[in-house]
Amino acid sequence: MFIDIHSHVDICKDIDVLIKNAKKENVKILTAGTSPKSNRKILELKEKYPEINICLGIYPIDALKLSEKEINSEIEFIKKNKSNILGIGEVGLDLKHAKEETLEIQKENLTKFVNLARELNVPVVIHSRKAEKECIELLEKLNYNKIIMHCFSGNMKLVDKIIKNNWSLSIPANVKHSEHFQKIVKETPIKQLFCETDSPFLHPDKKFPNEPSNVIESYKKISEIKKISLAEVERIIEGNYNELFS
Ligand SMILES: [Zn+2]
């Protein structure tokens, strides 16, 4: 089975078709929440399509729009739904779309979500745009190891830190044309790799929208770079998944 470890099905169109295509290609879908509204929509999707697997969380930029009280109450909401979820995400730090002054409050928010993951003993899917170093430092301090760095744009020195910390990296399907992600695949032991689409974004051929069945492109590129058969890459990453999400 192929696994799309990170997508946003709640904001995709033609969800029936997308799920049918994923089934046809033997792709398991994980989708992540980004706000209280998105979390509820994802829980509704899970009811309609039980084959979808879900993570709940608040995207760092969305978290900045909420009061401390609202974030705490969303954390309680996630705890109440723990039997429905596989992980916490999408959470993290973002200094591309928010100012440096927000960093401290972003760190406080991320700390809460990592502690939530620890309490529920589930993996956490991390976004770290333009704050990769800060993010890694905070995660090291928090000392929680079920970490998946999604679509990591930081430099190779930081990639090495992630590898040494024994966290995972998830490779988006646009690795097909991205030298940066190809380099990450080369450097990272396959035991620490996952694949994702971030649908509807990051289409492997720069189109829009992307969909989970395209996750195969990440698998193909890993197979090519690591010189391991596609079936073997599929088997190893399924093993990674069973290990981290058990
Ligand atoms: Zn995402």
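This report describes the zinc site, the strands around it, and the cavity and pockets of a predicted model.

Residues are numbered from 1 along each chain as its sequence is written, and side-chain values use heavy atoms, with hydrogens and water left out. In this predicted model, local features need pLDDT of at least 70 and side-chain atom pairs count only at pLDDT 80 or more, while totals for chains, interfaces and linings use all residues.

## Zinc site

The zinc ion is coordinated by His6 (NE2), His8 (NE2), Glu90 (OE) and Asp198 (OD), at 2.1 to 2.3 Å. Donors are N, O and S atoms within 2.8 Å of the metal (3.2 Å for Na, K and Ca); water is not among the atoms, so sites may look incomplete. The angles among the four donor atoms run from 86 to 174°, and the site is irregular.

Along the sequence, the spacing of the donor residues is H-x1-H-x81-E-x107-D. His6, in the loop between β1 (2-4) and α1 (15-24), and Glu90, in strand β4, are 84 residues apart and link distant parts of the chain. Helices (H or I, at least four residues) and strands (E, at least two) are DSSP runs, numbered from the N terminus. His6 is buried, with a relative accessible area of 1%, and Glu90 is buried too, at 2%. Buried means under 20% relative accessible area, exposed over 50%, and partly exposed in between (1.4 Å probe, protein chains only).

## Strand β4 and its partners

Nine of the ten residues of β4 are buried, so the strand is largely enclosed by the rest of the structure. β4 pairs in the parallel sense with strand β3 (residues 53-56) over three bridges, and Ile54 has Ile85 of β4 as its bridge partner. Five bridges join β4 to strand β5 (residues 124-129), again in parallel; Leu93 stands opposite Ser128 in β5. Two strands pair if DSSP finds at least two bridges between them.

## Cavity and pockets

On a 1 Å grid over the protein atoms alone, a cavity is a set of points where a 1.4 Å probe fits but cannot get out, and a pocket is an open set with protein on both sides within 12 Å along at least five of seven lines; lining residues have an atom within 4 Å of a point. Grid points are joined across faces, edges and corners, and a volume is the space filled by probe spheres set on the points.

| Space | Volume |
|---|---|
| Largest cavity | about 50 Å³ |
| Largest pocket | about 430 Å³ |
| Second largest pocket | about 200 Å³ |

There is one cavity of 30 Å³ or more. Its lining includes Ile58, Tyr59, Val91 and Phe113, and α5 gives the largest share, four residues.

Of the 23 residues that line the largest pocket, Tyr59, His127, Arg129, His150 and the zinc ligand Asp198 are the closest to its centre. β5 gives the most to this lining, with three residues.

Helix α10 (residues 230-244) gives the most to the lining of the second largest pocket, with three residues. Among the lining residues there are Lys146, Trp167 and Glu243.

Note on methods: Tetrahedral: all angles 85-135°; square planar, octahedral: opposite > 155°, others 65-115°.
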